[in-house]
Every structure is written in structure tokens, then in C-alpha cells.
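Hi,

Here is the structure I promised to pass on. Have a look at it first, and then read my notes below.

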Amino acid sequence: MNALFVTGTDTGVGKTLVTALLALRFRARGVNIGVMKPFASGCEESNGALISEDARFLRDATGIEDALNLINPVRLAEPLAPLAAARRASENSSDYFARARRAFDALLGAHETVLVEGVGGLLVPICERDGRILTCRDLIEEWKLPVVVVARRTLGTINHTALTVEALRGRAEIAGLVFCDATPVENDDIAAQTSPEIIAEMTNLPILGHVPFLNDVSPAALREAAEQFLEWPK
């Protein structure tokens, strides 16, 4: 495997955190790992350039030294689906996949494996090309990437996760599921206690980890969390 796509059931489910943890776990096993977030919206301007906080977090949390414009080649200002943000900025999005591919190929040339984080959920519209609206799923198919699905544990996740898996079936290999508490979850939350196992049973997919809400996201704490809360890679 020379690349892996990390998707989520929705925005805000912890894809960036899980991508960083996976990268740290791969590195701890001697893999020369790269990270990538091809498309990012809601970027902030810094010294005349747009910067994605998620991309910067991936780089800083993992200690990877690749340039931010390789980690995140397509950046948009408004916190919207990339296609919506591009349209509102009167930006032609037809080359987004090509720009992302050039950065991806450069990262593959520098690393054994590259983790690619999606934006939002699986069917978020990214760009327009040849009269079609393309999504994260189209990128996964074009690049032939296996997928890890990140989901929350709280009420509603069974439906969202099952639909995401269903949308991937027959289009991509699914490596498994990671459940992440991107926000605090109460200890007596029955949905959070029961949903992951039901989802695993429904989808016949392995659970690769359970990541609790992390107050400390320093590099040292994340390295420890990667070993403690992820079960993959072995």
C-alpha cells in the first residue's frame, strides 16, 4: 500500500486528528510516511497567502517537513464545500484534481506511503470538470485508494456511517473504521457505548481504533495517543 484515503461521515468528526495519529503510528513502525489534505476551505490569509490550519496541524503534529503547498495544494477562503467556495470566488475549479495529483505524485516520490485526508464527507462537491461535479469519492476512485472511514460515536452515527460505507462499496477497498470523539462525550451516553459495535456488525468492517476526546494535542501526547487508541497498523 503506497497511499490511503481518510474520509469521514461528516465535517468535524476528527479526520485531521485521526490522519495525524495514523501517520504517527506508521512512523513508529519505521514507515516513511507523508500526509496530504488536497483540498481545504475556510483557510486564513497569512503573508498574502491562504493557509489551512488543518494542513498546518498535520505537518506540525507529525513532524513531517514537506512544504504546505504540497500537503495542501488547493486552498479556498470561505468555510464552504470547495465547489461552493470556488464559485463564490469566481475561481475556475476544473484543474483542482490535476493540481492535487501533481502534489500527490511529488509526495509519493518522497515517501513510502501517503495518507490523504478528505474534506467534509465522502460526497462533498470538490470541483467541476467536463460538465460533471466531482466529489471525494471520485478522487478515491481515480487514484484507486483504500479508505479508512472516521465516524463519531454519538446518536445518528449508525445511519451516517452505514450510508458512507454503502456509498463506497464496489468503488474502493475499505480498510476499516475509526471512531473519534472530536468533542467531549458523556460517560453515560448509551448511543456512544453501543453504536460502534452495531456499525461493525452491519458493515462487516473492522474497528481500527477508538479515539477519545483529547485535551492535549501536543506532538508527544499525540504519539502516545496513536499507540494507545489505534489498533492499526500493527
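**Helix H1 and its neighbours**

Helix H1 (residues 15-28) packs with helix H9 (residues 219-229) at an angle of about 80 degrees, and their axes are 8 Å apart. That angle falls between 65 and 115 degrees, so H1 and H9 count as roughly perpendicular to each other. On the H1 side the contact is made by Leu17, Leu21, Leu24, Arg25 and Ala28, and on the H9 side by Leu222, Arg223, Ala225, Ala226 and Glu227. By class that gives 7 nonpolar and 3 charged residues, with no polar ones. Before you go further, bear in mind that this is a predicted model.

H1 also packs with helix H2 (residues 53-62), this time at an angle of about 25 degrees and with the axes 9 Å apart. How do H1 and H2 lie to each other, roughly parallel or roughly perpendicular? Angles under 35 degrees count as roughly parallel, and therefore H1 and H2 are roughly parallel. Their crossing is right-handed. H1 brings Thr16, Leu17, Thr19, Ala20, Ala23, Leu24 and Arg27 to this contact, while H2 brings Asp54, Phe57, Leu58, Ala61 and Thr62. The contact of H1 with H2 has 7 nonpolar, 3 polar and 2 charged residues. Leu17 and Leu24 of H1 turn up in the contact with H9 and also in the one with H2.

**The sheet**

Next, the strands. There are 6 of them in an open sheet, in the order S2-S7-S1-S10-S11-S12, with parallel pairing. S2 (33-36) and S12 (207-211) are the edge strands, each pairing on one side only. On average, neighbouring strands are turned by 20 degrees against each other, ignoring direction. At the S2 end, S2 and S7 (residues 113-121) pair in the parallel sense over 4 bridges, and Met36 has Val116 in S7 as its bridge partner.

H1 comes back here: H1 packs on the sheet and touches S1 (3-8), S2, S7, S10 (147-151), S11 (174-180) and S12, with its direction at about 170 degrees to that of S7. Helix H5 (residues 96-110) lies across S1, S2 and S7, and runs at about 165 degrees to S2.

Is Thr164 buried or exposed? Its relative accessible area is 8%, and the cut-off for buried is under 20%, so Thr164 is buried. Leaving aside residues up to four places away in sequence, Thr164 touches Thr7, Gly8, Thr9, Leu122 and Val149.

Cheers

Note on methods. Residues are numbered from 1 along each chain as its sequence is written. This is a predicted model: local features need pLDDT of at least 70, side-chain atom pairs count only at pLDDT 80 or more; totals for chains, interfaces and linings use all residues. Side-chain values use heavy atoms; hydrogens and water are left out. Buried means under 20% relative accessible area, exposed over 50%, partly exposed in between (1.4 Å probe, protein chains only). Contact means heavy atoms within 4.5 Å. Axes are lines fitted to C-alpha atoms, for helices over the stretch in contact, and angles run from 0 to 180 degrees between N-to-C directions. Helices (H or I, at least four residues) and strands (E, at least two) are DSSP runs, numbered from the N terminus. Angles under 35 degrees count as roughly parallel, over 145 as roughly antiparallel, 65 to 115 as roughly perpendicular and the rest as oblique. Ala, Val, Leu, Ile, Met, Phe, Trp, Tyr, Cys and Pro count as nonpolar, Asp, Glu, Lys and Arg as charged, and the others, Gly among them, as polar. A crossing is left-handed if the near helix is turned anticlockwise from the far one by less than a right angle, and right-handed if clockwise. Two strands pair if DSSP finds at least two bridges between them.
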